[in-house]
Amino acid sequence: MDFQEIAKEVLELEAKELLKVDTTKIDFQGIVETILNSSGKLIVMGVGKSGLIGQKIAATLASTGTPSFFIHPTEAMHGDLGMIEKRDIVLAISYSGESDELIAILPHLKRLSHKIITMSKNPHSSLSKGGDFFIPINIEKEACPINTAPTSSTTLTLALGDALAVCLMKARNFTTHNFASFHPGGSLGKKLFVKIKDLMQKENLPIISPEIPLKDAIIKMSEARLGSAILAQNNQLYGILSDGDLRRAMMAKDFSLESPVKSYATLNPKFCDNENILAQQALEFIEQNKIQLLIITDSTKNIKGVVHLHTLISAGIRNS
């Protein structure tokens, strides 16, 4: 049995069902405008596989600027109807259009909600006749070999939900910044919102005098575990001694552990004088300049903290 060929056939069959959709027969204009003009939420409801797809549609809508959540019809009949307000719009999903749980609650939805959008295969089903807008789930064949298990139909339902979400995103001029504000824990949220001051180390910094012997500077470096020591005078940045500086120093003919550390340090180190820059920008600066430790100062070069490359990576900051 060629399972690769079977998998290919399933994907091709479902893709064909998606491409058959005639969007001119769906009043997306009216649906989108109704949702935009509502001051309420978009409540999604469904049972079984339709309910699972409905949960994903609600999650997509909520994360792209349209307040939305899923309510199971059975739970709604036992108290969760209290979540629905007169200004809310309901999206009810049932492939057959005859799900008992949805049909039973339909009169209450018409009483409590503003408008009802239905999704089913039959515009004349009990559910669809009770709605204000209808989105057809028309397929010729499920992808399963016995043409029974919801496959093509659930894929189409999900895709139509995505189409609705994208229409609303465009209507709201939804941007990546908006998306990140709803996903602060995601990589995009970190990229757009986490600042260097949120991650920089301010305490126990390896700050040393430029005049101390190199041997003492090495001890300070080891204690701080940052791979570098910062040279400062009156807390103003003077230089940095990195692992690389130390290795190069050891190759010098006049190398001495008793020499002042400034003899071997980098006296014009890379630094940042704005703690409010994004951590993503700091990472780019670190990588461009091939350093591991970025020193943060104020406008007069007073040292405020440091951020290490490993700290940024551990915090989930990544380059695109």
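User: Is strand E10 enclosed or open to the outside, and how many of its residues are buried?
Analyst: In this predicted model, strand E10 (residues 293-297) has 5 of its 5 residues buried, so it is largely enclosed by the rest of the structure. Buried means under 20% relative accessible area, exposed over 50%, and partly exposed in between, with a 1.4 Å probe and protein chains only. Strands are DSSP runs of at least two residues (E) and helices runs of at least four (H or I), numbered from the N terminus.
User: Which residues sit on each side of E10?
Analyst: Leu 293, Ile 295 and Thr 297 are on one side, with Leu 294 and Ile 296 on the other, and all are buried. In a regular strand, side chains alternate between the two faces of the sheet.
User: Which way do E9 and E10 run, parallel or antiparallel?
Analyst: Strand E9 (residues 271-272) and E10 run parallel and are joined by 2 bridges; strands pair if DSSP finds at least two bridges between them. Phe 271 has Ile 295 of E10 as its bridge partner.
User: Changing topic: where is Ile 116, and is it buried or exposed?
Analyst: Ile 116 is in strand E4 (residues 115-120) and counts as buried, at 1% relative accessibility.
User: What is Ile 116 in contact with?
Analyst: Beyond its neighbours within four places in sequence, Ile 116 is in contact with Val 90, Leu 106, Leu 109, Lys 110, Gly 130, Gly 131, Asp 132 and Phe 133. Contact means heavy atoms within 4.5 Å.
User: And Lys 110, where does that lie?
Analyst: Lys 110 belongs to helix H5 (residues 100-112) and is partly exposed, with a relative accessible area of 47%. With neighbours within four places in sequence set aside, Lys 110 is in contact with Ile 116 and Gly 130. From C-alpha to C-alpha, Lys 110 and Asp 132 are 9.6 Å apart.
User: What about the chain overall: how many helices and strands?
Analyst: The chain has 13 helices and 11 strands. Its radius of gyration is 31 Å, well over the 20 Å that the globule rule gives for 320 residues, so the chain is more spread out than a compact globule. The radius is taken over C-alpha atoms, and the rule is 2.2 Å times the number of residues to the power 0.38.
User: What conventions apply here?
Analyst: Residues are numbered from 1 along each chain as its sequence is written, and side-chain values use heavy atoms, leaving out hydrogens and water. Local features need pLDDT of at least 70 and side-chain atom pairs count only at pLDDT 80 or more, whereas totals for chains, interfaces and linings use all residues.
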